[in-house]
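Here is a colleague's note for someone opening this structure for the first time. Please keep the view open and follow the points in order.

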Amino acid sequence: MFGRYAEIAGWRERELAPAPSKLSELVALLSAEEPALGPDLRGRWTLVTRNLEQVRHDVPLGPGDEVAFMPPMSGG
Amino acid sequence: VVRIGPGRIDAEALLTQFGRGRPDAGAIVSFTGLVRATSDGVAVAALDLDHYPGFTEAQVEAAAERTLSRFELLDLLVAHRVGPIPSGETVVVVVAAAEHRRAAFEATDSLMDWLKVAAPFWKREQASDGAVRWIEPRSKDHADAARWETPNADAGRPEPGG
């Protein structure tokens with residue numbers, strides 16, 4: 001989790017064991033834990049990566065996979 | 001060259017170093033972005049920049065590569081600070097060297113527009129009275145970035161997921 005999402009969740013990084021078998025399961029799990037994050041995690045404005053590669057659809061997950069949820073970006 | 005880190009950025013030193021030994025360059029354009037002392041009428045104490053180590057560097061490096069080839073630059077430098085940055089200090093420096101001035105101006109402008117809307121950084125503004133707020137791109141920032149879109153520009157923009 002980064003930026004605003006990390007602030008809402010109260011954590012940046014954590015490990016889940018056993019790992020959810022797909023991205024949609026992970027999103028459901030995190031949304032149930034923190035309902036305020038649900039719309040953002042599912043929102044099309046959120047960039048999601050698995051092992052540093054952007055994913056646009058539901059994808060399978062396995063042990064050791066790193067998933068990131070990123071709010072709208074703003075550098076400079 | 002891309003440098004991302006929490007250290008203070010000395011724009012003058014970077015520019016001096018960048019300009020050394022470039023007999024082929026006819027133009028060097030630099031941009032320095034600072035933390036403004038006020039934002040929407042509120043006194044700002046600092047900005048705090050979050051990033052995704054590894055991913056952010058890769059994205060900025062890819063954008064720098066695209067800028068280098070699109071504008072036929074001789075060289076390009078991007079230095080971006082992360083972590084807490086006090087008001088008045090430098091957040092970002094972009095320097096472009098080209099044979100002619102137009103390419104150097106446009107490359108610097110377009111890379112800054114990309115950084116504003118598509119680079120994996122997240123900015124939290126801390127007001128002098130202690131209030132904090134997250135800064136997200138404004139519609140003006142998106143309009144600025146859209147000026148550089150080409151049929152292939154999608155490659156440079158992480159697309160929102162489904």
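1. **The sheet of chain A.** In chain A, three strands make an open sheet with antiparallel pairing, in the order S2-S1-S3. Strands pair if DSSP finds at least two bridges between them. Strand S2 (53-54) and strand S3 (67-70) of chain A are the edge strands, each pairing on one side only. Strand S1 (residues 47-50) of chain A pairs with S3(A) over four bridges, in the antiparallel sense. Within that pairing, A:Leu47 is opposite A:Met70 of S3(A). Helices (H or I, at least four residues) and strands (E, at least two) are DSSP runs, numbered from the N terminus.

2. **Ground rules.** This is a predicted model, in which local features need pLDDT of at least 70 and side-chain atom pairs count only at pLDDT 80 or more, while totals for chains, interfaces and linings use all residues. Residues are numbered from 1 along each chain as its sequence is written, chains are lettered from A and ligands numbered from 1 in the order in which they are written, and side-chain values use heavy atoms, with hydrogens and water left out.

3. Most residues other than glycine have a negative phi, and most peptide bonds are trans. A:Asn51 is not a glycine, yet its phi is positive, about 50°. A:Asn51 sits in the loop between S1 and S2 of chain A. Its relative accessibility is 36%, which counts as partly exposed. The scale is: buried under 20% relative accessible area, exposed over 50%, partly exposed in between (1.4 Å probe, protein chains only). Also check the peptide bond between A:Ala17 and A:Pro18: it is cis, with omega about 0°. A:Pro18 belongs to the loop between helix H1 (3-9) and helix H2 (23-33) of chain A.

4. B:Glu72 is exposed, at 67% relative accessible area. Look also at B:Gly21, which follows H1(B) and has a positive phi near 60°.

5. **An enclosed strand.** How many residues of strand S5 (residues 75-81) of chain B are buried? Seven of the seven are, so the strand is largely enclosed by the rest of the structure. In a regular strand the side chains alternate between the two faces of the sheet. Here B:Asp75, B:Leu77, B:Ala79 and B:Arg81 are buried on one side, and B:Leu76, B:Val78 and B:His80 on the other. S5(B) pairs with strand S1 (residues 2-5) of chain B in the parallel sense, over four bridges. B:Arg3 faces B:Ala79 there. With strand S7 (residues 90-98) of chain B, the pairing of S5(B) is antiparallel, over six bridges. B:Leu77 is opposite B:Val95 in S7(B).

6. **Two helices of chain B.** Helix H1 (residues 11-19) of chain B has B:Ala11, B:Leu14 and B:Phe18 as its buried residues. They cover an arc of only 65° around the axis, which puts them on the same side of H1(B). The arc is that of the directions from the helix axis to the C-beta atoms. Their cover includes S1, strand S2 (27-34), S5 and S7 of chain B. In helix H4 (residues 139-146) of chain B, the buried residues are B:Asp141, B:Asp144 and B:Ala145. Those of H4(B) fall within an arc of 95°, so they line one face of the helix. They pack against helix H3 (101-118) of chain B, with contact meaning heavy atoms within 4.5 Å. B:Ser139 and B:Lys140, on the other side of H4(B), are exposed.

7. **The interface.** Chain B gives 27 residues to the contact and chain A gives 22 residues. About 2300 Å² is buried between them, with 54% from carbon and sulfur atoms. Buried area is the accessible area (1.4 Å probe) that two parts lose on being put together, summed over both. B:Tyr52, B:Trp122 and B:Trp134 supply 29% of the area that chain B buries against chain A, more than any other three residues. Three salt bridges link the chains, each a side-chain nitrogen of Lys or Arg within 4 Å of a carboxyl oxygen of Asp or Glu. One of them joins B:Glu136 and A:Arg4, with the closest N and O atoms 3.3 Å apart. H3(B) gives the largest share of the side of chain B that touches chain A, five residues.
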